[in-house]
Amino acid sequence: MARLALIPVLLWMVATLSFFLLRAVPGGPFDRERAPASREAEAALKARYHWDEPLWRQYERYLGNVIRGDLGPSLKYRDHSVNDLLGQTVPVSLSLGAMAFGVAIGLGIPLGALAALKRGGWADYAAAGLTLVGVCVPVFVLGPLLVLVFGLWLGWFPVALWGPWQNAVLPTLTLGLYFAARVARWMREGMLEVLRSPHVQTARAKGLSETAVILRHVVPVALVPVISYTGPMLADLLTGSFVVENVFQIPGTGAFFINSFFSRDYTMMMGMVLFYSVLLQVLNLMSDLLLRWVDPRIRS
Amino acid sequence: MNTDPSSPGRLALRRFLRNHMAVSGVVFLLLIAAVSVLGPGVLATDPNQRSDSPFVPPGASHWMGTDIHGRDLFSRVLVGTRISLLVGAVGAGVSVLIGVTWGLVSGWRGGRTDAWMMRLVDVLYALPTVVWVMLTLTIFETRCVGWLSERWPASIPAFRLAAMMVSLGSVSWLTMARIVRAQVLSLRERPFILAAQSIGVPPVRLMLRHFLPNLAGVVIVYLTLTVPAVVLYESFLSFLGLGVRPPQASLGTLIADGASQLNPVRVRWWLLVFPAGLMALLLAALNGVGEGLRSAFEPRDGNGN
């Protein structure tokens, strides 16, 4: 697979670009509001982070460290490395993302399938309504609105922080509903397309029960476009998680990432950019593999 | 325009006009554009005028109430909508410029050039684009803002807006490039293009006179679908505090302000509900028009004739 070979090249490009873009900027993290007391202290600080070396040397050092899996120290949280912070925050973000993905799949696929099987039925209207919400209520609107209604007016769920399962309900719904809408739409369109195709007619003609036709001959084929859309969807899920973590004050990777922009924590930013690039590549690869497994036409 | 009643453009227009959702979307958009462009000038209220009456609920004096600084929310929503629409339109314009050029060149040159150009598009697809926009904006903040503040401090908001429009446009062109390339590939083999080539029409003229008019349909359709995407991006960035900065307002900052006022003690719903509702209507209208144009130009289900 050519894609697989391209990944290291891509990551090298990402690392190089983000390094030079950020390091080329005058006005580093040491000469702003957090300016050290004296010239000596500044020199010591720069030496500690190797900022006194020529740029080329720093780049070599950074690449070497990255290849060994070390993303360097955080400039803001002086006692932590970027790896530390990722290690603490990634589990939170991943579990949020996985639950939202579960909602998207678990709600979207059945709803889309039912909508296609009974056009004009309740599921069709529900899917259409969900799609409308998904299109015109972005995550950063849905989150605060859910907080307002279910958190403050009805008082059913806590509105912030990360802890017992009640805390996860609103963030998961916020992130998941939007993607459930998109999954439902693809599933519906995929099903409608497959229901018209000749092989379904054949299956019916040879006397299979309707259930068997749907489950064996329609649903697996209709899943193909859904799976091929999950790659791009996962990228948006990532973006959405920035907002959700921000709205619900969840200590996840996205929240730290956004913070690193405000504190000009360059090593953190570079590390996160790399991390997100790797994550997206891996997830895309997984959805590709799944697609090859489901769809024999691609394998040949 | 062609006056032949059965020309493809005419048929598409007729199909579009029959789509109630899309037509009402157009009407709503024209209305909101007119109100948000003209409104702030006509209204006497200054969107940045602070007053001593914060958190006034909606009523006769303030149609949408006032915010934490006692500023009139209605006029702030108007200027915010204007900025959001501006960013959406210009950002989508930038993306069309890049995408059409890229797709034209790639489809026209074909061969190895095409393969490399499309491979690059694939690669860019797999990058977290929002992250790159944030990175560019940060670099703009650290490098350009300092430089500007020594020379023309007044121009910083305008430049910041321009930086955002350009960087959003420069990550939103990928799908456009793919669509245009596919269209060019299919056009390239058509007799009229071959005929034009054989009588020696120079390449630039060939592009402008023969390719572009035939691309107009798909480009317009996809342009209208890019506008809401860019509006969404802008609001997303502004919501997180990385886009439009106070005292300027966009729908994103207004929603963020409204969200930050949510607390269990006093619910100031209007600060969230009005900008959020307008955002939702705006996105629904923009997408409705886009989808309407798409089905008008690409009739598939036999809905149109």
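Across the interface of chain B and chain A of this predicted model, one salt bridge is found, a salt bridge being a side-chain nitrogen of Lys or Arg within 4 Å of a carboxyl oxygen of Asp or Glu. This salt bridge joins B:Glu291 to A:Arg185, with 3.7 Å between the closest N and O atoms. Zero residue pairs in polar contact are found across the interface of chain B and chain A when both residues are required to have pLDDT 80 or more; a polar contact is a pair of N or O atoms within 3.5 Å, of which, within protein, one must be able to donate a hydrogen and the other to accept it, and residues adjacent in sequence count only if both atoms are side-chain atoms.

The elements of chain B that give two or more residues to the side touching chain A are helices H4 (111-125), H5 (129-151), H9 (203-240), H10 (251-260) and H11 (270-297), where helices are DSSP runs (H or I, at least four residues) numbered from the N terminus. H5(B) gives the most to this side, with ten residues. The residues of this side divide into 28 nonpolar, six polar and four charged, with Ala, Val, Leu, Ile, Met, Phe, Trp, Tyr, Cys and Pro counted as nonpolar, Asp, Glu, Lys and Arg as charged, and the others, Gly among them, as polar. In total, 38 residues of chain B are in contact (heavy atoms within 4.5 Å) with 42 residues of chain A. The area buried between the two chains, that is, the accessible area (1.4 Å probe) lost on putting them together, summed over both, is about 3,600 Å², and carbon and sulfur atoms give 83% of it.

Over all chains, eight salt bridges are found. In one of them, A:Asp124 is paired with A:Arg188, the closest N and O atoms being 2.9 Å apart; because A:Asp124 lies in helix H5 (residues 122-136) and A:Arg188 in helix H7 (residues 165-195) of chain A, the pair ties together parts that are 64 residues apart in sequence.

H9(B) has 38 residues, yet its end C-alpha atoms are only 46 Å apart, short of the 56 Å that a straight helix would reach at 1.5 Å a residue, the expected span being 1.5 Å times one less than the number of residues. A kink of about 50° lies at B:Leu212 in H9(B), shortly before B:Pro213, the bend being the angle between axes fitted to the seven residues ending there and the seven starting there.

Residues are numbered from 1 along each chain as its sequence is written, and chains are lettered from A and ligands numbered from 1 in the order in which they are written. Local features need pLDDT of at least 70 and side-chain atom pairs count only at pLDDT 80 or more, whereas totals for chains, interfaces and linings use all residues, and side-chain values use heavy atoms, with hydrogens and water left out.
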